[in-house]
Amino acid sequence: VGEADLAGRHVLVSAGGTREPLDPVRFLGNRSSGKQGYALAAAAAARGARVTLLSANVSLPGPAGVDVIPVATALELREAAVKAAPEADVVVMAAAVADFRPAVYATGKIKKVEGEEPAPVALVRNPDILAELSADRTRPGQLVVGFAAETDQVLAHGRAKLARKGCDLLVVNEVGDGKAFGTDTNEAVILGADGSETPVPPGPKEELADAIWDQVVARLG
Ligand code: C5P
């Protein structure tokens, strides 16, 4: 790299993991550290892009020159993404978005009651932001990139997800057994809606970030 091949482009990246509140002190969350999304934002800025980073519960310093918008829940992430997407040439949804949120938010801390069983937690579906952004593109030539963490049949599940979500590229990685989450390295296959399949060998998340931008740049008009 070393080239400003994203100069004049505006990219929107989401990073981290959403937290879905149960009450003022508790939430349902996930193990995403935000490292891959932050690496994507930093790499895009280094390649000349204007970068907006929707950051969900990440405890990392904001990359230099990147406009960071903090969000907490899937609904907040959706609102910020829908607002920013029409201005973006590329949207990369690297955040781990909770598929479900508690149906009820208790405004006071949920208490244990002596001699009583805890109440079950009812969940409702969150909107699928990636599918929505892919379907509702208004900006001509906009590219949408999604991520998929799979534990088995990685390529088959990845292809099916790419088609279901309607995005242009899907970065699939295998998770479980200490792979990917919270680590500094990643290994992935970048699947294209055009049928392409680009394996990225195990390496720093910065290298995967550049490999993803290479695929994006090759498809930008
Ligand atoms: O369906 P799954 O959660 O495996 O899809 C992962 C991809 O979809 C990621 O790019 C994630 O950011 C995005 N996603 C989303 N909204 C959801 C769930 C996932 O945008 N509610």
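These legends go with several close-up views of a predicted model. Residues are numbered from 1 along each chain as its sequence is written, and side-chain values use heavy atoms, with hydrogens and water left out. Because the model is predicted, local features need pLDDT of at least 70 and side-chain atom pairs count only at pLDDT 80 or more, while totals for chains, interfaces and linings use all residues.

**View 1**
Let's start with the ligand, which has 13 residues around it, the closest being M93, A95, P127, L130 and K161; a residue is near a molecule or strand if one of its heavy atoms lies within 4 Å of it. The space that the ligand takes is the largest pocket. Here a pocket is found on a 1 Å grid over the protein atoms alone: it is an open set of points with protein on both sides within 12 Å along at least five of seven lines, whereas a cavity is a set of points where a 1.4 Å probe fits but cannot get out, and lining residues have an atom within 4 Å of a point. A molecule sits in a cavity or pocket if more than half of its atoms lie within 2 Å of its grid points. Two or more residues of the shell around the ligand come from each of the elements α3 (129-135), β9 and α4. Helices (H or I, at least four residues) and strands (E, at least two) are DSSP runs, numbered from the N terminus.

**View 1**
A polar backbone atom of F147 is 2.9 Å from an oxygen atom of the ligand. From K165, a polar side-chain atom lies 2.9 Å from an oxygen atom of the ligand. Taken alone, the ligand exposes 450 Å², and the protein buries 87% of that; accessible areas come from the Shrake-Rupley method with a 1.4 Å probe, and for residues only the protein chains shown count as cover.

H10 is in strand β1 (residues 10-16). H10 is buried because its relative accessible area is 8%, where buried means under 20%, exposed over 50% and partly exposed in between (1.4 Å probe, protein chains only). The side chains of H10 and T52 are joined by a polar contact of 2.8 Å. A polar contact is a pair of N or O atoms within 3.5 Å; within protein, one must be able to donate a hydrogen and the other to accept it, and residues adjacent in sequence count only if both atoms are side-chain atoms. Not counting residues up to four places away in sequence, H10 touches R50, T52, E87, A88, D89 and V90, with contact meaning heavy atoms within 4.5 Å.

**View 2. V92 in strand β6.**
Strand β6 (residues 90-93) holds V92. Is V92 buried or exposed? V92 counts as buried because its relative accessible area is 0%. Beyond residues up to four places away in sequence, V92 touches L12, V13, S14, L40, V145, F147 and W213.

**View 3. P102 and L28.**
P102 belongs to strand β7 (residues 100-102), and L28 to strand β3 (residues 26-28). P102 is buried at 7% relative accessibility, whereas L28 is partly exposed at 33%. Setting aside residues up to four places away in sequence, P102 touches E20, P21, L22, L28, V121, A122, L123 and V124. With neighbours within four places left out, L28 is in contact with T18, R19, E20, L22, P102 and L123. P102 and E20 are 82 residues apart in sequence, and their C-alpha atoms are 6.9 Å apart in space.

**View 4. Two loop residues with positive phi.**
Most residues other than glycine have a negative phi. N57, in the loop between β4 (50-56) and β5 (67-71), has a positive phi near 60 degrees. Q153, in the loop between β9 (143-150) and α4 (154-165), has a positive phi near 40 degrees. N57 is partly exposed, with a relative accessible area of 27%, and Q153 is exposed, at 54%.

**View 5. A45 in helix α1.**
A45 is part of helix α1 (residues 35-46). Apart from its neighbours within four places in sequence, A45 is in contact with V51, A64 and V66.
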